[in-house]
Each structure stands twice: as structure tokens, then as C-alpha cells.
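The following report describes a predicted model. It takes up a sheet, then a pair of helices, and ends with the chain as a whole.

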Amino acid sequence: MAKRAKLPEYGRCRMLQAWPEWDCSVHADVAQIDRQERAMNYPFSFEIDSETKTARFSSTSDLSYYDTTLASCTCHDFEDRHLPCKHIYRLAAELGIIEIFRRKPGGQDKDLLESVKNSSNIDEHPEQLKRIEKARETKCAPLSIDFDNRMATFGGSGKVPYETTVDTCTCRDYFVRRLPCKHIYRLRIELGLTGGDNGKK
Ligand SMILES: [Zn+2]
Ligand SMILES: [Zn+2]
């Protein structure tokens, strides 16, 4: 087979075929990813009609059933939100329209990370605000600051101090996330740069 483009992924969905009923970006929402997970893990039973692309799902907890299409479902979740529910995702997966892939190790963090990276102002995302708060703590004081080169060293959990610039750091948090860690924010604060205090400086 000729080389083919990598299939697009949104949330836990790898799009194997077009699914025109929904804008793909819907599937990348954190609340939707949760439903994609449950679509594969939830202990329901179901019958799929691949001709009509519909399904009937039965919950193990009660006797009612839900009728599901690629665009709608009779469950409460769908009726409340009008967004794909776990039944719709499972139907799409069974029909081969999407593949719901497993979370990679640390996948939950990855979703969160995506939401930070996609936010319009990274420094105002709650995940970053947590780090800015920590950066202000006394115990996060740098061991040394090189004002000319805009670098600092910070004591870490190991013997070797972290080396920090205004946008990189040798700590684990930065290594994993590639986003400003508390050291970077602290350095920015020490240097009087924005980012540590939301630009009020
Ligand atoms: Zn449903
Ligand atoms: Zn760091």
C-alpha cells in the first residue's frame, strides 16, 4: 500500500472513516474523552445493526435500553447534552468509523497538557497558575541567579541543582510537559518579567 497519511486523532478517537454527523473537534473535549473511555469499559450489552448503522444498548443496571444512531441516542446523557454519549462512541467504534485507543501511560496528564497547550493564555491556565503559586513560595527561592544571562539554579530533590532559563529547565516537570515549570516562573519573577505575575509588572 502506498504511504498513507497518519489518521487524525481527537481525544481517544482515531478517525478511520469520515463521521460527518459531528465536528471532529467535539471528540477532543475532556468530557468527551471520558465518554470514549467508558464506551469501551462500560459493562453494557448491545446489538449492532451494521446495515442501518444503529444499535440497541442495554444497561446491566436496569432493564431499559437505549436506541443509538451515529447522530443521536435515547439515553439521558445524550438528551441532556446533545453530544456523543458512550453508546454513540461504542457504535461508531463497532462500525469501524473510529478506533478508540487506550490511554498511553500518563495519558490523563496528556489530555490535561493538551488543554493547557491549546489555551489562549497558557500562563492563565489553572495548571500553570498552580505552578506560579508555587514559584512565589519561599522554598522555591533560587540557589543563584545570573541576571546577565537570565539563568538560575534551583535546588531539587536530587544532588544536582536544576538549571533554568526563562523558557527551559532541567527539572522533571519541564522535561515531561515542555511548559513553564515553577522554576521558570520564579526566574521570570526574579527578573521582573511577565508571566510570573500575569503581566501586571
Ligand atoms: Zn447514549
Ligand atoms: Zn523546573
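Three of the strands, taken in the order β1-β2-β6, form an open sheet in which the pairing is antiparallel. Strands β1 and β6 stand at the edges and have a single partner strand each, so one side of each is left without a neighbour in the sheet. Strand β2 pairs with β6 in the antiparallel sense over 3 bridges, and Met15 stands opposite Ile98 in β6.

| Strand | Residues |
|---|---|
| β1 | 9-10 |
| β2 | 13-15 |
| β6 | 98-100 |

Turning to the helices, α5 (residues 126-136) packs with α7 (residues 182-190) at an angle of about 60°, and their axes are 8 Å apart. Angles of 65 to 115 degrees count as roughly perpendicular, and α5 and α7 are therefore oblique to each other. The crossing in which α5 passes α7 is right-handed. On the α5 side the contact is made by Arg131, Ile132, Lys134, Ala135 and Arg136, while α7 contributes Lys182, Tyr185, Arg186 and Ile189. By class, the residues of this contact between α5 and α7 divide into 4 nonpolar and 5 charged, with no polar residue among them.

For the chain as a whole, the secondary structure comes to 7 helices and 9 strands. Buried residues make up 25% of the 201 residues in the chain, and among the contacts in the chain between residues at least 6 apart in sequence, 39% join residues at least 24 apart.

Definitions and conventions
Residues numbered from 1 in each chain as written. Chains lettered and ligands numbered in written order. Predicted model: local features only at pLDDT ≥ 70, side-chain atom pairs only at ≥ 80, totals over all residues. Pairing = 2+ DSSP bridges. Helix = DSSP H or I, 4+ residues; strand = E, 2+ residues; numbered from the N terminus. Axes fitted to C-alpha atoms, helices over the stretch in contact; angles between N-to-C directions. Parallel < 35°, antiparallel > 145°, perpendicular 65-115°, else oblique. Left-handed = near helix turned anticlockwise from the far one by under 90°. Contact = placed C-beta atoms within 7 Å. Nonpolar A, V, L, I, M, F, W, Y, C, P; charged D, E, K, R; others polar. Buried ≥ 20, exposed ≤ 12 C-beta atoms within 10 Å, placed from the backbone.
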